[in-house]
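Visitor: I would like a close look at a single part of this protein, and then a connected account of what lies elsewhere in the model. Please keep it plain.

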Amino acid sequence: MTLIKSISGIRGTIGGQVGENLTPIDAVKFASAYGIWLKQQRNKENFRVVVGRDARISGEMIQNLVMNTLVGLGIHVIDLGLSTTPTVEVAVPMEHADGGIILTASHNPKQWNALKLLNAKGEFLNGEEGAKILAIAETDTMQFADVDNLGKITKNQAYIDLHIDEVLKMPLVNKKAIEDANFKVVVDGVNSTGGIAIPLLLERLGVQTVKLYCEPNGEFPHNPEPLKEHLGDLSKAVTKAHADLGIVVDPDVDRLAFMDEKGDMFGEEYTLVACADYVLSKTPGNTVSNMSSTRALRDITLKNGGNYEASAVGEVNVVELMKKNKAIIGGEGNGGIIYPELHYGRDALVGVALFLSLLAEKQIKTSELRATYPNYFMSKKKIELTPTLDVDAILKAMEERYQNEKLTTIDGVKIDFSNSWVHLRKSNTEPIIRIYTEAPSQNEADKLADKVISEIKAIANI
């Protein structure tokens with residue numbers, strides 16, 4: 001069992017030993033540290049924090065612990081209840097709140113949960129801010145409010161609708177074209193809050209929706225990471241319904257993947273590529289994705305006259321580089337769309353609206369759209385970490401082994417070859433080393449990944 005503290009939040013498995021898992025005591029400790037840090041940022045009387053959660057079984061328990069801890073600090077809480085990560089991000093500035101917390105472990109299985117922490121802009125905290133909160137959590141000097149100055153909890157369950165309103169207001173969302181296309185779409189909501197938000201959005205866009213696993217009960221019907229090997233039921237449902245496409249999201253609705261009308265994956269790496277293609281065709285500019293994302297975004301950006309840059313993995317790193325490079329769209333190859341027109345956060349609702357606008361305007365099938373993009377193939381593998389595995393030594397050894405190739409070391413080690421690449425890094429969200437490769441064919445990508453894994457195992461004697 002595991003407790004991970006990183007730029008992606010405080011994440012762990014439920015139950016077990018304090019300090020080694022995400023127990024109630026750990027939830028209270030880190031919520032307290034966040035609240036105290038928040039109060040250190042401004043000298044004011046009243047503080048407000050927006051709190052929402054995905055549909056995980058442990059979500060209500062963790063949310064109540066977190067909210068009442070903030071109340072104990074004298075902080076007022078806006079309780080969104082079942083929500084999505086991007087909805088909480090949108091709600092923070094709309095509520096003029098001082099911060100936000102989302103209770104979700106994103107794509108991790110049901111035994112996991114996490115506290116994802118936001119600033120007053122509704123954006124994830126950076127590494128320096130996160131380090132301060134971790135330092136506060138380890139002190140015994142936390143000061144709580146007296147009985148006359150406790151915070152209050154106010155429920156507001158309107159924000160998914162308000163979020164959809166904001167998405168539909170975006171100038172590039174072609175609602176009329178989508179309505180005229182008369183799309184039929186199957187939605188896999190993995191029995192979490194995507195099963196609420198995505199069908200509501202599609203209804204507002206005039207799309208006929210077939211729901212699959214859209215009951216927000218936290219009982220994930222398959223591995224919640226939206227990858228091809230987990231989506232056999234969606235594939236069958238798309239072809240059975242004669243749908244135009246399938247849509248799948250992760251439990252907190254910041255990752256998005258599509259399936260074409262034949263029941264084949266559009267490719268989660270190509271979610272951002274397609275949305276960027278649409279945005280750049282209307283408003284030329286720059287793009288950013290992380291180092292583990294496909295080269296296809298670079299190709300599309302250059303084709304449209306823009307500049308592409310790659311950041312370290314992690315949403316906060318992507319956002320930082322997007323702001324620096326004035327990128328008009330960006331995100332992560334795992335299906336995360338960041339469109340600053342609405343907010344600086346990965347947002348599957350934004351991605352759905354942009355993708356359907358593109359598909360409707362082109363008046364072609366989903367499979368035909370995919371065929372218009374450069375063909376790269378990716379292999380995503382991992383090595384489980386053990387207490388004796390020295391990740392830094394492994395990465396250093398790989399860096400020395402490939403010193404004659406083009407290397408990038410801002411986040412693990414990325415090795416660029418003429419027609420392929422490999423990226424090795426320690427995960428922010430799981431106790432693993434991630435090995436991502438990309439090449440002109442799936443066979444080449446898999447072979448490169450297997451070769452690198454063999455080299456790592458030789459270095460580590462495993």
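Visitor: Leaving aside its neighbours within four places in sequence, which residues is T69 in contact with?

Guide: The model is a predicted one. In it, T69 touches V28, A31, S32 and F144, once neighbours within four places in sequence are set aside. T69 itself belongs to helix α2, which covers residues 59-72. Its relative accessible area is 7%; the cut-off for buried is under 20%, so T69 counts as buried.

N290 can be described in the same terms. This residue lies in strand β12, residues 286-290, and is buried, with a relative accessibility of 4%. The side chain of N290 has a polar contact of 2.9 Å with the side chain of S293. Another polar contact, also of 2.9 Å, links the side chains of N290 and E332.

Next comes a pair of helices. Two packed helices are described by the angle between their axes and the distance between the axes. For helix α3 (residues 85-94) and helix α5 (residues 159-169), the angle is about 85 degrees and the axes are 9 Å apart. Angles of 65 to 115 degrees count as roughly perpendicular, so α3 is roughly perpendicular to α5. On the α3 side the contact is made by P86, T87, V90, A91 and M94, and on the α5 side by Y159, I160, L162, H163 and E166. By type, the residues of this contact comprise seven nonpolar, two polar and one charged.

Four strands form an open sheet in the order β9-β8-β10-β11, and their pairing is mixed. The edges are β9 (208-212) and β11 (256-259); each has a single partner strand, so one side of each lacks a neighbour in the sheet. Direction ignored, neighbouring strands here are turned by 25 degrees against each other on average. Strands of a sheet pair through backbone hydrogen bonds, either parallel or antiparallel. Strand β10 (residues 245-249) and β11 run antiparallel and are joined by four bridges. In β11, A257 stands opposite V248. Helix α12, residues 348-362, packs on this sheet and touches β10 and β11. The direction of α12 makes about 35 degrees with that of β11.

Definitions and conventions. Residues numbered from 1 in each chain as written. Predicted model: local features only at pLDDT ≥ 70, side-chain atom pairs only at ≥ 80, totals over all residues. Heavy atoms only, no water. Helix = DSSP H or I, 4+ residues; strand = E, 2+ residues; numbered from the N terminus. Buried < 20%, exposed > 50% of the residue type's maximum accessible area, 1.4 Å probe, protein only. Contact = heavy atoms within 4.5 Å. Polar contact = N/O pair within 3.5 Å; in protein donor to acceptor, adjacent residues only side chain to side chain. Pairing = 2+ DSSP bridges. Axes fitted to C-alpha atoms, helices over the stretch in contact; angles between N-to-C directions. Parallel < 35°, antiparallel > 145°, perpendicular 65-115°, else oblique. Nonpolar A, V, L, I, M, F, W, Y, C, P; charged D, E, K, R; others polar.
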